[in-house]
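Subject: Structure for your review

Dear colleague,

I would be grateful if you could read the notes on its pockets alongside it.

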Amino acid sequence: MPVVSTSPGHASVHLVRAAVTAPSPYNTQPWTFVAEAGDRGLELHADVTRRLPRMDPSGREMVVSCGAALFNIRLAMRHLDFNPVIDLFPSPADPAFLARVTWGAYHRPTHAELRMYGALPTRHTAHGPFLSTPLPSSLLDTLREQAADEGATLHCVDDRAGRRHLAELIRVGEDAQRSDPECAAERARWTWRLAQQRADGVPVDADVTHPNSTPFAGRDYAGPARMFLSPPRHWPARTRLAVVLSTERDGPSDWLRAGQALERILLYAASHGVMAAFHTQPLELPELRAHLRRTLSAGEFPQMVLRLGYAPYVHALPRRPATEVLKSSGSQGRSAG
């Protein structure tokens with residue numbers, strides 16, 4: 001009898017290598033993939049074992065991250081001259097089964113898609129102050145269009161009062177998490193030192209500046225905020241552009257939509273040399289998120305808070321190899337849900 005291979009095909013590996021470059025909170029990489037027989041398609045599953053139970057109890061950020069990975073799968077298919085065909089939540093009995101993506105008709109990618117695909121290996125999360133160089137207004141207009149194309153809204157917080165208000169919400173959220181032992185334990189679980197290198201999580205040297213060096217407080221990975229309450233230097237003028245990404249509704253399908261919009265924004269920006277810093281702290285506390293919704297996202301549900309700018313440096317975080325996150329449809333334990 002002929003031997004039937006259960007290993008994922010080259011096309012599935014290609015798609016997953018693109019997918020895993022997506023961002024996720026604390027670089028948790030909360031996804032698994034299943035290659036369908038004959039490379040006919042790829043399944044995306046949320047890996048709930050990698051959800052942050054204290055900071056993300058509903059799994060919203062986990063699904064947003066998977067949405068970003070889904071956009072990368074779409075983009076990788078477009079790079080191969082095919083339109084992706086997407087079936088969202090194909091199994092109601094398995095809510096962790098987020099999407100099935102199959103190969104559609106032949107169609108050449110656009111110039112913007114090619115540029116975004118080229119930005120996959122160069123897009124990294126920024127930390128600390130940006131350079132003082134302002135962003136072109138035309139770029140912001142295009143980023144709004146990119147978000148709208150995915151069914152989301154990008155709100156620019158560019159007035160002084162709005163930025164001060166957003167900075168205060170971030171500060172309150174970060175202070176609450178720094179003083180919460182469960183949040184501290186969760187942060188410690190996903191932070192590692194150079195002597196203990198991992199393929200996930202965040203190294204303590206990801207941000208070499210004090211997390212309070214701009215008005216928008218950052219995560220205290222290495223602990224300098226515990227040792228020095230005030231940073232040695234403030235860079236208020238280098239916070240750069242603050243934006244809030246929102247959706248009209250707030251269910252799992254909206255979170256998945258927000259993740260695709262997020263990655264589209266990030267890659268388009270990265271293709272123009274612009275990186276993003278994440279400030280999700282106020283979105284991880286229900287009362288702060290509700291307040292942000294009322295005041296800064298026009299009544300829509302805020303899904304992500306970002307700063308955009310030209311970064312003086314970026315730290316490339318590790319990624320788990322495709323062999324670890326990709327299974328074939330004939331493998332056991334196909335879903336991590």
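Predicted model: local features only at pLDDT ≥ 70, side-chain atom pairs only at ≥ 80, totals over all residues.

Residues are numbered from 1 along each chain as its sequence is written, and side-chain values use heavy atoms, with hydrogens and water left out.

A pocket here is an open set of points on a 1 Å grid over the protein atoms alone, where a 1.4 Å probe fits, with protein on both sides within 12 Å along at least five of seven lines; lining residues have an atom within 4 Å of a point. A volume is the space filled by probe spheres set on the points, which are joined across faces, edges and corners.

The largest pocket holds about 600 Å³ of space. Its lining has 38 residues, and Ser24, Thr125, His127, Tyr221 and Phe278 are the closest to its centre. By type, this lining comprises 17 nonpolar residues (Ala, Val, Leu, Ile, Met, Phe, Trp, Tyr, Cys and Pro), 15 polar and 6 charged (Asp, Glu, Lys and Arg), where polar covers the others, Gly among them.

The second largest pocket holds about 380 Å³. Among its 21 lining residues, Pro57, Leu283, Glu284, Leu285 and Pro286 lie nearest its centre. Its lining divides into 12 nonpolar, 2 polar and 7 charged residues.

Yours sincerely
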